[in-house]
Amino acid sequence: MNAEILAVSDATCDVEIGQSSKPVLIDFWAPWCGPCMALLPTIEGLASVYGDDLKVVKVNVDENPILTDKFGVQGIPNLTLVKDGNAVALRERSRTRLVEEIDGILG
Amino acid sequence: MTFQAFSGSQTVKNRMIAPVRAQWTARALAPDTDLNWNRDGQPDSINGALAQTQDRTVFEQRTGIPADLAQLCEHLVAAGVRKSDAPDTAAGFALEGADAVLAFGIGWLDAIRPGADLGMIVPQFARHCLNRLLEPNFALAGHISPDLRGAGLQILAFWDRELAGHTMTRGDWRDVQRQAMAATAKDTDPWSYRIATFIEALAWPVRSVSREFVGLFEPFLFNWLIYCETAFMTDEERTDREHLLLAWKAMATAPRDEGVNIDFDPLESLPQSARVISVDHVMRTMDRMIAIREAARPRKDEVILDLMNGLLTLIRAA
């Protein structure tokens with residue numbers, strides 16, 4: 001059930017996020033961040049739940065300062081949902097609650 | 001995904017386990033849920049040493065064992081041992097724990113049949129745990145509301161149908177997820193929060209829970225183990241423990257800016273919780289809490305050993 005999460009960089013964000021025809025869930029993380037690593041299985045679980053309806057990507061904040069700054073990320077882990085050009089920071093952290101929150105935004 | 005433990009070879013199994021057994025017997029490995037191997041300033045973990053890697057995928061390639069299962073087994077060991085600094089030893093730390101708990105560090109590896117596919121052990125163990133917590137004689141049964149129990153029983157029924165080859169629809173799961181979240185929202189019992197969040201998070205097809213399971217199980221087990229301590233507390237200490245649990249819940253559930261920062265004091269309306277979480281209170285009661293933890297150790301070992309035996313049974317049957 002594990003899904004591969006696409007790594008997006010400052011160089012590829014326009015294509016992978018800006019031009020995406022689907023809503024995009026961005027996981028801002030860093031390898032030294034324990035809570036980010038703990039959240040990874042949940043992100044993979046989310047990718048499996050939504051399949052082709054949602055694009056799930058991850059951004060290493062240490063390596064991609066432009067993208068991190070563009071979305072105003074102040075702390076990690078940070079989950080941001082981008083739909084129709086609008087970015088919403090998600091507040092929940094369990095798969096059950098995240099699906100409720102994401103479904104509420106996607107409509 | 002299918003697994004083949006130790007590439008189906010007893011020779012490979014012996015070759016991989018022998019050096020880990022020697023290190024574990026010498027107490028030179030520190031049990032940890034994470035795969036620790038050659039990390040700066042950190043001792044190697046049992047599973048890190050087994051596959052000589054920090055990487056889950058490499059671990060699975062080298063051992064033929066699901067990393068989820070390895071992490072779960074090592075988490076149970078970590079939960080049952082006490083690690084303290086011992087600068088005058090070669091390892092730099094000392095481990096203390098019941099013999100049977102320590103024996104599981106290698107015992108679960110010894111129990112694996114070379115060639116066994118252990119891919120379903122964590123889902124089966126998840127079912128074992130959920131069933132256990134819904135039993136009337138579960139230690140915390142009195143703290144589980146009827147609504148929460150109902151959601152748990154529904155999840156268990158769905159899992160059993162799934163394991164029997166049926167597929168539940170997304171709509172079926174959405175209903176039980178909402179049922180579980182509603183039960184959590186209504187619940188005010190200080191001891192039930194971590195049980196409720198555990199049940200709520202398990203409301204998915206059992207095979208898909210495997211990867212997340214250890215992270216979900218850790219706080220649930222912690223809650224269960226600290227409940228064992230209440231048998232050795234005075235009434236006042238038990239009440240303070242409940243205020244502490246309410247403090248943790250308030251901080252865990254406080255609305256956060258971008259999911260990170262809390263911009264108000266979540267304990268403002270909980271003065272008793274603020275009192276028991278204060279440094280002054282913690283320092284004043286520290287000796288007493290250490291004594292309670294020690295007194296409760298046999299009860300906690302009993303819980304951990306029961307879970308370890310459940311896992312061993314599943315592993316031997318695979």
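Predicted model: local features only at pLDDT ≥ 70, side-chain atom pairs only at ≥ 80, totals over all residues.
1. Chain A has an open sheet of 5 strands, with mixed pairing and the order β1-β3-β2-β4-β5. The edge positions go to β1 (6-7) and β5 (86-89) of chain A; each has a single partner strand, so one side of each lacks a neighbour in the sheet. As background, sheet strands pair through backbone hydrogen bonds, either parallel or antiparallel.

2. **Around β4 of chain A.** Which strands pair with β4(A), and in what sense? Strand β2 (residues 24-29) of chain A pairs with β4(A) in the antiparallel sense, over 5 bridges. Strand β4 (residues 78-83) of chain A also runs antiparallel to β5(A), and 4 bridges join those two.

3. The peptide bond from I76(A) to P77(A) is cis, with omega near 0 degrees. P77(A) sits in the loop between α3 (65-70) and β4 of chain A. Then there is the hairpin formed by β4(A) and β5(A), with 2 residues between the strands; D84(A), in the turn, has a positive phi of about 50 degrees.

4. **One more torsion, in chain B.** R27(B) is a residue other than glycine with a positive phi, near 55 degrees. You will find R27(B) in the loop between α1 (10-25) and α2 (46-51) of chain B.

5. **How chain B is divided.** Chain B splits into domain 1 (5-110) and domain 2 (121-317). Taken over C-alpha atoms, the centres of domain 1 of chain B and domain 2 of chain B are 26 Å apart. Their contact takes 17 residues from domain 1 of chain B and 18 residues from domain 2 of chain B. On the domain 1 side, α4 (67-80) and α5 of chain B each supply at least two residues, and α4(B) gives the most, with 9 residues. By class, that side of domain 1 of chain B divides into 11 nonpolar, 5 polar and 1 charged.

6. **α5 against α13 in chain B.** Helix α5 (residues 99-110) of chain B packs with helix α13 (residues 279-317) of chain B at an angle of about 20 degrees, with the axes 10 Å apart. Angles under 35 degrees count as roughly parallel, and α5(B) and α13(B) are therefore roughly parallel to each other. Their crossing is left-handed. From α5(B), the residues involved are A100(B), V101(B), F104(B), G107(B) and W108(B); from α13(B), they are D301(B), I304(B), L305(B), M308(B), L311(B), L312(B) and I315(B). Sorted by class, the residues of this contact come out as 10 nonpolar, 1 polar and 1 charged.

7. **α4 against α6 in chain B.** Are these helices roughly parallel or oblique to each other? α4(B) and helix α6 (residues 121-133) of chain B pack at an angle of about 45 degrees, with their axes 8 Å apart, and α4(B) and α6(B) are therefore oblique to each other. D68(B), L69(B) and L72(B) of α4(B) make the contact with I121(B), V122(B) and F125(B) of α6(B). The contact of α4(B) with α6(B) has 5 nonpolar, no polar and 1 charged residues.

8. **Where the chains meet.** Last, the interface. The contact takes 18 residues from chain B and 19 residues from chain A. On the chain B side, the elements giving two or more residues are α8 (170-186), α9 (193-201) and α10 (206-228) of chain B. The largest share of that side of chain B comes from α10(B), with 5 residues. By class, the side of chain B that touches chain A divides into 6 nonpolar, 6 polar and 6 charged.

How values were computed. Residues numbered from 1 in each chain as written. Chains lettered and ligands numbered in written order. Axes fitted to C-alpha atoms, helices over the stretch in contact; angles between N-to-C directions. Parallel < 35°, antiparallel > 145°, perpendicular 65-115°, else oblique. Left-handed = near helix turned anticlockwise from the far one by under 90°. Contact = placed C-beta atoms within 7 Å. Nonpolar A, V, L, I, M, F, W, Y, C, P; charged D, E, K, R; others polar. Pairing = 2+ DSSP bridges. Domains from an automatic or database assignment.
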